Amino acid sequence: MPAVALAVTDGMLHYELSVAVEVFGADLTHIVDPWYDFMVCGNGPVRVDRFRLEPDHGLDHLAHADTVIVPGWADTDREPPADLVEAVRAAHTAGARVASLCTGAFVLGAAGLLDGRRATTHWAHTRELARRHPKATVDPDVLYVDNGDVLTSAGKAAAMDLCLHLVRLDHGSANANKIARRLVIPPHRDGGQAQFISTPVPEPDNHPLGELFPWALERLDQPLTVEHLARQARMSSRHLARHFKHLTGTTPLQWLHTQRIRHAQELLETTDATVDTIATATGMGTATTLRRHFHRSVGVPPDTYRRTFRP
């Protein structure tokens, strides 16, 4: 059972903290059994906005976790507490995967974990993070960054995206999607998606692509193009691209590609279909094409992914 530790101290943001508790601390053994062994680590009672939190262990216990989550740090104008920084650094040295949510990246930066790595945080604080930690490459335009053993996310909703990404890495796409459905949130936002989208995704009947998304998802096995999508949406390709950027933060073809990879992951986890069959079902054409795109997007070949996540 993988152990996840939430590092807490006074002055953290309660939303990001509660996101981590909701994903990793809830009893979800009806979805994945065993689930995570979740613990809250802090040196004594912690004040989080109007809430008082009683940790299970001291900060030194972070070194016993497989994954350490660092919630948002409220006051980025001052350095995070030295005991928190040292405990996070020690946990990483001991082999833990360390993930920050929102401005928790400032804690990782103070611990030296961002040096030589890409990182992100809430877009309003990316300039300060880059100024304070010049050895890091701070990207203000993404939802989260995965460096393997060090991960950082943008603010608020992006914290949930990163938590679900961690679940997807540990337990597979199908289970991450089940948890997303339980939380009534979209399961498919990738880390490379833009942080700031000028128009949030509204209810299906209230925007011009409301009927296009489900139509495309039902036809992933077909060689869809931007022209096909534009024709179905009854608008020009340029107009379609503009709406996609506003609604999803990405392009129509990149969105399609992401959905095909996600569908391939679910088929690998939940069926015995061959890679050739899955390539056809996801519109990739051939097993060779699927393997190339899958490996590039997920990091492992389809066969390895199936062996890892097939029940």
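α5 is followed by Gly 172, whose phi is positive, near 95°.

Me: Since this is a predicted model, what is the mean pLDDT of the protein?
Reply: The mean pLDDT is 89, and 93% of the residues of the protein reach 70 or more. Where pLDDT is low, the predicted coordinates should not be read in detail. In this model, pLDDT stays under 50 over residues 196–204, a stretch for which there are 13 contacts beyond four places in sequence.

Me: Is α5 mostly covered or mostly exposed?
Reply: A residue counts as buried when its relative accessible area is under 20%. By that cut-off twelve of the 15 residues of α5 are buried, so the helix is mostly covered. Among the buried residues are Asp 161, Cys 163, His 165, Arg 168 and His 171.

Me: How many disulfides are there?
Reply: The rule asks for two cysteine sulfur atoms within 2.5 Å, and by this rule the count comes to zero. Cys 41 is in no disulfide, as the nearest cysteine sulfur, that of Cys 163, is 16 Å away. Cys 163 is likewise in no disulfide, and the nearest cysteine sulfur to Cys 163, that of Cys 102, is 12 Å away.

Me: Why does Cys 41 count as buried?
Reply: Cys 41 counts as buried because its relative accessibility is 0%. Cys 163, with a relative accessible area of 0%, is buried too.

Note on methods. Residues numbered from 1 in each chain as written. Predicted model: local features only at pLDDT ≥ 70, side-chain atom pairs only at ≥ 80, totals over all residues. Heavy atoms only, no water. pLDDT = per-residue confidence, 0-100. Contact = heavy atoms within 4.5 Å. Buried < 20%, exposed > 50% of the residue type's maximum accessible area, 1.4 Å probe, protein only. Helix = DSSP H or I, 4+ residues; strand = E, 2+ residues; numbered from the N terminus.
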